[in-house]
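User: I would like to go through the terms used for this model and see what each one rests on. Please set the values against the cut-offs.

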Amino acid sequence: MRRTWLRHRVSQRGLTEMAEQLLDDSFRLALVAAHDDGDSLRVVYLFLAGRPDRRVELECVVPVHDPIVQSLAYVSFPASRFEREMADLYGIRPVGHPKLRRLVSHAHWPDWHPMRTDPGPVPEFADTGAFPFLNVEGPGVYEIPVGPVHAGLIEPGHFRFSVAGETVVRLKVRLWFVHRGIEKLFHGRTADGAVDLAERISGDTSAAHALAHSLAVEDALGIELPDDVHRLRALIVELERLYNHAADLGALANDIGYSIANAHAQRIRERLLRLNASVTGHRLLRGAIRPGGIVLQGLPDTEELHRLASDVAEVASLTLTNAVAYDRFAGTAVLRGEDASALGCLGYVARASGLRTDARVEHPTVDLPVVEIGATAGDVLARYTVRRDEFAAAAVLARCIVESHSGPIEYSAGTEAVGTPGSGVGIVEGWRGTIVHRVEIDATNRITRSKIVDPSWFNWPALPVAMADTIVPDFPLANKSFNQSYAGNDL
């Protein structure tokens, strides 16, 4: 597919000037990746725009002895969070950042930067450390701390509610309790030897992360694949969209006590997982997508996809025609379009608030008849109906790919570089939203840096905004309507 791809080495002053210009030209800051090159540090800023596909990288070199970079927080909220991440993991200080508090490393962490090539021995960690939450004061205001340990299988995250009566005045979310250092685990792996790690970034998004990683590796190595391969890969990502959306439609109903809808949704999810296993040999679609190729065991039964789409439509109809369910969904946890835009939201969260964002259209690898879904209310109901409509559209798209495919279902081009290896970017519309991977590969075909951005990175800050003026009992419902990944955020 045609795209415009520009890379610039810039000074500190040039960084701010070009970043301002790109943001004014409707680009978004998709990724900021720090690098330790030994004698210097380097920061790469990736800006993206779609319709048509445009990509611009700005690269700024930072001296090791004085690792500072001009902050872009004054023009971009996502930049402010990327900069806090860099400060924690690399020790690069953003000059002019309005609130340079720790993000990844909690208060008990020492002043130690583990993503450096040679961070030194692990120092002593403190036994305790308080996170500086903003206390809301006033008549009748009290706090409700929730987590980080939760009931069930949910991953750890701390939610601090400041409440007046039942109404949430302020919600603070604290994550990074199980930071795995997964980006560093990519370092030193061969170009074709890291896809298994990509599949485990966020388990419910195994296929989309595998594809984003594979596209980044192929871009870095100069490998081009036939359209049929890209279409089969797109099929696998759509199957991933189906089983996750089905599960969420049921879980949202379950959070208001409508368990019968959830039971049927879980039945549909199980049938989709079995379908996944017949196509790839794995219920979570692992092992199919790899750098340079794809391997399938079969194609999904299109009639089964049609039946499942009809079942989901019926479950959604039963849910929304229930007066209690509709009342609980409508007007709850509203995320306004301007807030979603300012925060850089992606995926169904953004689309439910009126934003147009879909990497299948903005950054396509192959021409597909993608139907764009959207809503404007920005409430739980909008996030529900967007998922419902995306399920229907994904089922149609999957059937279209299967019915138009006539070639082999296995392809391998290998991972030998065409020319000199370099850097590459992979962009995929996963079921939660746009995923971006960026890799750098050296002359020995080994990965020297991998930067990963799951859409949850952008969407988690939107949850507290949507919870303002929402009652505490609606938090589980609001949280499920966002359904962000802890693992995808806590890399």
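This is a predicted model: local features need pLDDT of at least 70, side-chain atom pairs count only at pLDDT 80 or more; totals for chains, interfaces and linings use all residues.

User: Why is the pair Arg42 and Asp37 called a salt bridge?

Analyst: The term requires a side-chain nitrogen of Lys or Arg within 4 Å of a carboxyl oxygen of Asp or Glu. Between Arg42 and Asp37 the N to O distance is 2.7 Å, so the pair meets the definition. The whole structure has 37 salt bridges.

User: What makes Arg42 buried or exposed, and what about Asp37?

Analyst: Buried means under 20% relative accessible area, exposed over 50%, and partly exposed in between (1.4 Å probe, protein chains only). Arg42 has 9% relative accessibility and therefore counts as buried. Asp37, at 35%, is partly exposed.

User: How do you know that Arg200 and Glu199 form a salt bridge, and how are the two classed by accessibility?

Analyst: Their closest N and O atoms are 3.6 Å apart, so the pair passes the distance criterion. Arg200 counts as partly exposed at 43% relative accessibility, whereas Glu199 is buried at 5%.

User: What does the salt bridge between Arg432 and Asp204 tie together?

Analyst: The N to O distance in this salt bridge is 2.9 Å. Arg432 lies in the loop between β13 (423–429) and β14 (434–441), and Asp204 in the loop between α4 (195–198) and α5 (206–221), so the pair ties together parts that are 228 residues apart in sequence. Helices here are DSSP runs of H or I with at least four residues, and strands are runs of E with at least two, numbered from the N terminus. Arg432 is buried at 4% relative accessibility, while Asp204 is partly exposed at 23%. Elsewhere, salt bridges that share partners join Arg7, Arg9, Asp37, Arg42, Glu57, Glu59, Arg438 and Glu440 into one network.

User: Why is α7 called roughly antiparallel to α8?

Analyst: Helix α7 (residues 259–280) and helix α8 (residues 302–320) pack at an angle of about 165°, with their axes 10 Å apart. Axes are lines fitted to C-alpha atoms, for helices over the stretch in contact, and angles run from 0 to 180 degrees between N-to-C directions. Angles under 35 degrees count as roughly parallel, over 145 as roughly antiparallel, 65 to 115 as roughly perpendicular and the rest as oblique. The α7 and α8 pair is therefore roughly antiparallel.

User: Which residues bring α7 and α8 into contact?

Analyst: Contact means heavy atoms within 4.5 Å. Among the residues that meet are Ala261, His264 and Ile268 in α7 and Leu305, Leu308 and Val312 in α8.

User: What makes Ala333 buried or exposed?

Analyst: Ala333 has 1% relative accessibility and so counts as buried. Its phi is also positive, near 55°, and Ala333 lies in the loop between α9 (323–329) and α10 (337–343).

Conventions:
Residues are numbered from 1 along each chain as its sequence is written. Side-chain values use heavy atoms; hydrogens and water are left out.
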